[in-house]
Amino acid sequence: MTAIEAIGVVVPAHDEEELLGACLAALARAAQEARPLVRDVRIWVVLDACSDRSEEIARAAGVEIVRVDACNVGRARAAGVEALTAAFADVPPARLWIGNTDADSTVPPHWLTDQLRLADAGADVVIGTVRPDFRDLSAEQCAAWWATHTPGVANGHVHGANLGVRASALLTAGGYAPLAEHEDVDLVERMRQTGAVCVAADTAWVQTSGRTFGRTDGGYARYLREDLVPLARQVPASAAAVSDGTAPEAAASGGSESAPRREVRDRDGAARA
């Protein structure tokens, strides 16, 4: 498998001044760990119709900035990929890795090195897991999340907050579509159809916001708000936990030692977790 020479990370942001700083600080640590392994690592923040301090925060972090006025995450991600691939025009697409996350999320320090490890083993797409910031959830929601998730198990659900792709696979599939939501699921499905090797892994899970209302009508916030507890009630073993609000202790940040698996189960926003 072709070795990765360079890494670019794309972060779309729409008025994310409260969480963007932590996101970029976490990415800086991940980039620092990955730099000894590749020629270059760079981060792009795509400011999509921002009217808050997001640009100021991005500038202070020293990252690359792209501006769009779309209020559309698919267009924002596509603009970031366009800027990234232009900047790395001298790197063959098969040797260029694109990390994707969200402005309301924080990656672990080994996020990029773990994706590189899987890419070196043959992956074109790494589908990582996410966990909500449990401080944002009620006791009932926390119990429901633990009742419906097994730490260390890669469930294969697609999240733009934790997705890595080989540039050649993304370009062959046609890149991100201009979708207001589920652009990540759409892209992965098209990459699968064009022969990309997709690997699901829980070895570098990403913490994402547990906020009640997100930047789109669907997506993870709606799942946490409307679907999580009802889904947990369908799991017999979880009934007591959901009713009394108890939950197992959270695992240490950043993933487990579980082995990745070469299968992907894409579901729409109503069932993504």
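Okay, let's start with a pair of residues: glutamate 183 and arginine 77 are both buried (buried means under 20% relative accessible area, exposed over 50%, and partly exposed in between, using a 1.4 Å probe and protein chains only). Their side chains meet in a salt bridge, 2.8 Å from N to O. By salt bridge I mean a side-chain nitrogen of Lys or Arg within 4 Å of a carboxyl oxygen of Asp or Glu. This pair links distant parts of the chain, with glutamate 183 in helix H7 and arginine 77 in helix H3 (residues 73-87), 106 residues apart. Helices here are DSSP runs of H or I with at least four residues, strands are runs of E with at least two, and the numbering goes from the N terminus.

Quick word on what you're looking at. This is a predicted model, where local features need pLDDT of at least 70 and side-chain atom pairs count only at pLDDT 80 or more, while totals for chains, interfaces and linings use all residues. Residues are numbered from 1 along each chain as its sequence is written, and side-chain values use heavy atoms, with hydrogens and water left out.

Back to salt bridges. How many does the structure hold? There are 19. Another one joins aspartate 227 to arginine 222, at 2.9 Å from N to O. Aspartate 227 has a relative accessible area of 15%, so it counts as buried, and arginine 222 is buried too, at 13%. Salt bridges with shared partners tie Arg222, Arg225, Glu226 and Asp227 into one network.

Now take arginine 53 and glutamate 56, whose closest N and O atoms are 3.3 Å apart in their salt bridge. Buried or partly exposed, what would you say for arginine 53? It's partly exposed, with a relative accessible area of 41%. Glutamate 56 is partly exposed as well, at 48%.

Skipping residues up to four places away in sequence, isoleucine 57 touches Glu17, Leu20, Gly21 and Leu24; touching, or contact, means heavy atoms within 4.5 Å. Glutamate 17 sits 40 residues away from isoleucine 57 along the chain, yet their C-alpha atoms are separated by 7.1 Å.

On to the nonpolar cores. A nonpolar core is a set of buried Ala, Val, Leu, Ile, Met, Phe, Trp, Tyr and Cys residues joined through side-chain atoms within 4.5 Å. The largest has 48 residues, and Ile7, Leu27 and Trp111 have the most contacts inside it. Helix H1 (residues 20-34) gives the most to this core, namely eight residues. Apart from that core lies another, of 30 residues, including Leu84, Leu187, Val188 and Met191. As for leucine 27, leaving aside neighbours within four places in sequence, its contacts are Val9, Val11, Ile43, Thr101, Val107 and Trp111.

Let's go back to helix H7, which spans residues 183-193 and also holds valine 185. Valine 185 counts as buried because its relative accessibility is 12%. Histidine 157 is 28 residues from valine 185 in sequence and 8.4 Å from it in space, C-alpha to C-alpha.

Last topic: cysteines. A search of the whole structure finds zero disulfides, a disulfide being a pair of cysteine sulfur atoms within 2.5 Å. Cysteine 50 is partly exposed at 26% relative accessibility, and cysteine 198 is buried at 9%.
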